[in-house]
Amino acid sequence: MENNDIFGGKSIPKTYIKFALPVVFTMVIALVYNLADTFFIAQTGDINLVAGVSICVPIITLLMAFGNIYGQGGSSIIARLLGAGKNEDAKRVSSFCWYIAILTGVVIGALLVIFQNPVLKLLGASDATINYARDYYLILAISAPLNILTFIHSNLLRSEGMAFQAMIGSVSGSILNIILDPIFISVFGWGAKGAAFATALGYLCSDIIFAYVVLRKSRVLSISPKLIKITKEYCGQIFGIGIPAAITNLMSSIAQILVNQFLLPYGDDRIGAMGIAMKVSMIVMLIVVGFSFGGAPLYGFLYGSGDKAKLNKLIRFAVTLLCSVALVLSALIIIFAKPIMSIFMDNANMIAIGVPMIRLQVVCMVFMAIVQVIQVIFQSTGKILGSFVLSISRQGFVFFIAIAVMSFMFKYNGVIAAQAASDVLSAVLAVWLFFMYFVKKKHEK
């Protein structure tokens with residue numbers, strides 16, 4: 001595959017947008033699903049049910065983390081292999097990622113079921129919310145292989161330039177989920193179980209579509225068990241890039257658990273309201289993530305092919321685009337925070353609690369955008385250490401320090417403002433790392 005093949009003779013902004021829009025659309029559908037899921041749960045009017053389901057969000061993020069080990073780690077190396085013309089190796093890497101994801105899901109699901117009681121307590125379940133949380137949790141645990149598998153070819157297909165097919169697979173599962181949510185939750189009266197069951201069926205739908213695309217449409221990807229053997233070097237690259245990417249999600253799970261634990265003394269209504277606020281903040285986050293990962297195959301391809309001029313131009317465009325998107329979306333959410341919260345809960349107390357939470361979750365999202373684009377650049381170009389450090393910063397060690405210090409200094413207000421502080425500090429760290437990896441080394445040569 002020549003350089004001109006992937007760019008199609010167009011400008012870098014047009015090519016970036018062409019790659020990014022299907023990913024963004026997929027993220028928007030995922031966003032609609034997340035908001036719809038929260039909306040239908042909230043419409044029951046049961047605050048304990050809302051809190052119980054919100055408590056389980058870290059489990060979804062945990063499973064996403066394991067999926068991203070092989071999805072993002074595999075896509076990074078496949079993009080570079082294609083840039084170097086090693087198509088057969090790319091096929092082996094994709095097959096390895098598929099089967100190791102299934103095995104990982106079985107192991108993680110079994111552990112979650114076995115240790116359900118201590119895990120639910122760790123997540124922040126109280127006596128009033130634990131039964132609702134358990135209903136949602138157990139179905140998520142049992143369907144863990146389906147969940148993890150969804151992230152494999154939604155990433156790998158984009159490495160081959162099949163962003164549209166990746167979008168179709170992800171969107172189809174999300175749409176099915178959205179359709180089934182009100183039926184299972186309200187019509188059948190299954191509550192939390194219904195929401196989780198709809199989620200599991202959505203994952204299954206996506207997995208089937210991805211398998212079909214790989215078997216019938218892909219030229220360089222495979223799910224053949226005969227091709228699962230790869231070299232230690234490739235395995236190290238998958239885990240070296242994938243684990244930092246996964247740690248980002250893992251840190252998000254831990255951050256959610258910490259927030260729940262810090263809010264628990266203030267009441268279950270605070271936990272429920274924060275669950276809604278975090279889902280609303282995903283409006284900005286998922287769209288920014290979509291735009292950032294839309295450029296991942298281009299970063300990897302250009303880096304692998306040695307085209308530094310186009311790579312630098314691509315990076316400048318991506319930073320400008322992502323920061324602009326984050327600023328506009330954050331401003332809109334801050335302005336309309338009260339009517340947005342009112343959509344989910346027709347409860348004056350919950351609205352009063354939730355509005356400042358929503359605003360503080362999104363006020364510093366432009367800094368999150370900076371962290372996100374730099375982390376994707378590191379992942380795509382094989383900068384394992386830089387990717388790892390950023391993966392454990394924004395919702396990792398930087399957030400842990402922020403919530404500990406701010407909760408001590410400002411109590412409740414410090415807890416809900418900790419993410420904003422972490423976003424700013426993490427962006428400073430990301431810019432410094434980018435300077436050390438790309439700018440300083442360039443001038444030293």
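I started with the second largest pocket of this predicted model, and sorted its lining residues into 4 nonpolar, 2 polar and 3 charged. The residues I listed for that lining are Ile77, Arg80, Leu81, Ala84, Lys86, Glu233, Tyr234, Gln237 and Gly304, and helix 4 (57–83) and helix 11 (232–263) are the elements that give two or more residues to it. For the volume of this pocket I noted about 180 Å³.

I then turned to charge pairs and found that the structure holds 3 salt bridges. Asp423 pairs with Arg394, with the closest N and O atoms 2.5 Å apart; Asp423 lies in helix 20 (residues 412–444) and Arg394 in helix 19, so this pair ties together parts that are 29 residues apart in sequence. I looked up the exposure of both partners: Asp423 is buried, at a relative accessible area of 0%, and Arg394 also counts as buried, at 11%.

For Arg270 and Asp269 I noted a salt bridge with the closest N and O atoms 3.4 Å apart. Arg270 counts as partly exposed at 24% relative accessibility, whereas Asp269, at 16%, counts as buried.

The side chains of Lys121 and Asp127 meet in a salt bridge at 3.7 Å, N to O; here I recorded Lys121 as partly exposed, with a relative accessible area of 44%, and Asp127 as exposed, at 70%.

Last, I checked the surface and found a nonpolar patch of about 640 Å², made by Phe397, Ile401, Val405, Phe408, Met409 and Phe410. Of these I followed up Ile401, which lies in helix 19 (residues 393–410) and counts as exposed because its relative accessibility of 52% is over the 50% cut-off.

Conventions. Residues are numbered from 1 along each chain as its sequence is written. This is a predicted model: local features need pLDDT of at least 70, side-chain atom pairs count only at pLDDT 80 or more; totals for chains, interfaces and linings use all residues. Side-chain values use heavy atoms; hydrogens and water are left out. Patches are made of residues with over 30% relative accessible area and no salt bridge: like charges are joined within 9 Å, nonpolar side chains (Val, Leu, Ile, Met, Phe, Trp, Tyr) within 5 Å. Accessible areas come from the Shrake-Rupley method with a 1.4 Å probe; for residues, only the protein chains shown count as cover. A salt bridge is a side-chain nitrogen of Lys or Arg within 4 Å of a carboxyl oxygen of Asp or Glu. Helices (H or I, at least four residues) and strands (E, at least two) are DSSP runs, numbered from the N terminus. Buried means under 20% relative accessible area, exposed over 50%, partly exposed in between (1.4 Å probe, protein chains only). On a 1 Å grid over the protein atoms alone, a cavity is a set of points where a 1.4 Å probe fits but cannot get out, and a pocket is an open set with protein on both sides within 12 Å along at least five of seven lines; lining residues have an atom within 4 Å of a point. Grid points are joined across faces, edges and corners, and a volume is the space filled by probe spheres set on the points. Ala, Val, Leu, Ile, Met, Phe, Trp, Tyr, Cys and Pro count as nonpolar, Asp, Glu, Lys and Arg as charged, and the others, Gly among them, as polar.
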